[in-house]
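Hello,

Here is the structure for you to look through. My notes follow below it.

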Amino acid sequence: MKPNNITTQFAEAWNRHDASALAQLFSNDARFVNVVGMFWKGRTEIELAHAATFKSIFANSRLTILEVEDQMVSNCVTVHARWRLEGQLSIDGNVAAPRFGILLFVLRLVSDKWEIAVAQNTDIVPGLAPPSQTK
């Protein structure tokens, strides 16, 4: 598997709302910082956090990977993926406007399998980013 295929697998697991499959992309000791600064440590926390949101605000969401770029850094690979998320519920229960953002994954090769060691998810703020990044 190529390192940048991890983004496809991440989106597929997200769109099935399958927290277990999503968590299996991460190493046991992975770290994940989400778009609002929640910091999850380990595959189990990552799975539990996603399982909870897949039952609530992300129950009908659909994640689309728009663009992927990877770069070798020492014995790891970084992958940046620009994304669009549709179908998220807002606090009032209505469907929110589509969101755009960038995921950063740091991958390491473990027994011929690329695993996510570190993830950082960042929203692209409308009006502050170039319009090309919110399409």
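In which helix is threonine 7 found? It is in helix H1. Please keep in mind that this is a predicted model.

Helix H1

Is threonine 7 buried or exposed? Threonine 7 is buried, because its relative accessible area is 2%, and buried means under 20%. Leaving out residues up to four places away in sequence, threonine 7 touches Ile65, Val68, Val79, Ala81 and Phe105. The rest of H1 is mostly covered too, with seven of its ten residues buried. Among them are Ile6, Phe10, Ala11 and Trp14. Just after H1 comes histidine 17, with a positive phi of about 55 degrees.

The core

The largest nonpolar core has 28 residues. Which of them touch the most other members? They are Phe10, Trp14, Leu22, Phe26, Phe32, Phe105 and Ile116. Several elements each supply at least two residues of this core: helices H1 (6–15), H2 (19–23) and H3 (43–54), and strands S1 (26–33), S4 (76–86), S5 (99–110) and S6 (113–123). In soluble globular proteins, nonpolar side chains tend to be buried together.

Take phenylalanine 105 as one case. Not counting residues up to four places away in sequence, phenylalanine 105 touches Ile6, Thr7 and Phe10, then Val77, Thr78 and Val79, and also Ile116, Val118 and Ala119.

The strands

Start with S1. Four bridges join S1 to S6, and these two strands run parallel. Phenylalanine 32 has alanine 119 in S6 as its bridge partner. S1 is also joined to strand S2 (residues 39–41), here by three bridges and antiparallel. Arginine 31 stands opposite lysine 41 in S2. The hairpin of S1 and S2 has five residues between the strands, and its glycine 37 takes a positive phi near 90 degrees.

Next comes strand S3 (residues 62–73). S3 pairs with S4 over eleven bridges in the antiparallel sense. Leucine 63 stands opposite leucine 85 in S4. Two residues lie between the strands of this hairpin, where serine 74 takes a positive phi near 55 degrees. S4 then pairs with S5, again antiparallel, over ten bridges. There, threonine 78 has valine 106 in S5 as its bridge partner.

The pocket

How much space lies in the largest pocket? About 370 Å³. Its lining has 20 residues. Trp14, Asn34, Val35, Phe58 and Arg99 lie nearest the centre of the pocket. By kind, the lining divides into 14 nonpolar residues, five polar and one charged. H1, H3, S4 and S5 each supply at least two lining residues. The largest share comes from H3, with three.

Helix H3

One more residue to look at is glutamate 47, placed in helix H3. Glutamate 47 and serine 20 are 27 residues apart along the chain, yet their C-alpha atoms are separated by 5.9 Å.

Best wishes

Conventions:
Residues numbered from 1 in each chain as written. Predicted model: local features only at pLDDT ≥ 70, side-chain atom pairs only at ≥ 80, totals over all residues. Heavy atoms only, no water. Core = buried A, V, L, I, M, F, W, Y, C linked by side-chain atoms within 4.5 Å. Buried < 20%, exposed > 50% of the residue type's maximum accessible area, 1.4 Å probe, protein only. Contact = heavy atoms within 4.5 Å. Pairing = 2+ DSSP bridges. 1 Å grid on protein atoms, 1.4 Å probe; cavity = no way out; pocket = protein on both sides within 12 Å on 5 of 7 lines; lining within 4 Å. Points joined across faces, edges and corners; volume = space filled by probe spheres on them. Nonpolar A, V, L, I, M, F, W, Y, C, P; charged D, E, K, R; others polar.
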